[in-house]
Amino acid sequence: MSASPPATALHTSREVVVSGSVKRRHSFDLCALMRLPTQLTGPLDVVCLSGRKVRSASEYKGVRLTALLDVAQWHLPQARDFTRAYVLAQGADGYTVMFSWHELYNTSIGVGALVVYERDGRSLGDDEGGIGLISTGDLRVALRRVRALKRLTVHLAEPSAL
Ligand SMILES: Nc1nc2c(c(=O)[nH]1)N[C@H]1C(S)=C(S)[C@@H](COP(=O)(O)O)O[C@H]1N2
Ligand SMILES: [Mo]
């Protein structure tokens, strides 16, 4: 009889891979994340689209999403490619959310978009998905809170022909 891995192991992340339109594909484990400048969220209500409060946390600890992207470096060959650049953040279960270059570097959303590894002073366990993402500047924080963050993929949106 083959033992299947526990369900939690399939939905947890110990490493985030940054790929796509980047100069250097890069993978960040917990040690690599801890070497980047630390950010704290402060007290936070995690509210879903319905307005339901999923949880309150006194504090998440992590690093800015832009810090990871800056290590990998956006590959933007043409002048003004940044205006159509975006990143998809994907969880182990395929849950995917999007941030545009503009949101991250040209609005305050980028300041609060964090890759997190600790909550209320304790590292995020496998039951909580391990490494995650949270966008503290969102009105409904639960939606761009990605559990078990596995991949960040940089894309350039294709404009349609005129
Ligand atoms: N990987 C992943 N993250 C996810 C989701 C999901 O389905 N998969 N659902 C989102 C939604 S709709 C909600 S309400 C919250 C629930 O947060 P919790 O699992 O921390 O309670 O997770 C968000 N993050
Ligand atoms: Mo939700």
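## Strand β9 and its partners

Strands here are DSSP runs of E with at least two residues, and helices are runs of H or I with at least four, numbered from the N terminus. Two bridges join β9 to strand β10 (residues 122-123), and the two run antiparallel. Pairing requires at least two DSSP bridges between the strands. Two residues lie between the strands of this hairpin, and D120 takes a positive phi near 50°.

β9 also runs antiparallel to strand β6 (residues 60-64), over five bridges. There, R64 has L114 as its bridge partner. Four bridges pair β9 with strand β11 (residues 132-135), again antiparallel. L114 stands opposite I134 in β11.

Six of the seven residues of β9 (residues 113-119) are buried, so the strand is largely enclosed by the rest of the structure. Buried means 20 or more other C-beta atoms within 10 Å of the residue's own, exposed means 12 or fewer, and partly exposed lies in between; C-beta atoms are placed from the backbone.

## The five-stranded sheet

An open sheet of mixed pairing has the order β2-β1-β12-β7-β8. β2 (26-29) and β8 (96-100) are the edges, each with a single partner strand, so one side of each lacks a neighbour in the sheet. Strand β1 (residues 15-20) runs parallel to strand β12 (residues 149-156), joined by four bridges. V18 stands opposite L152 in β12.

## Model and numbering

This is a predicted model: local features need pLDDT of at least 70, side-chain atom pairs count only at pLDDT 80 or more, and totals for chains, interfaces and linings use all residues. Residues are numbered from 1 along each chain as its sequence is written, while chains are lettered from A and ligands numbered from 1 in the order in which they are written.
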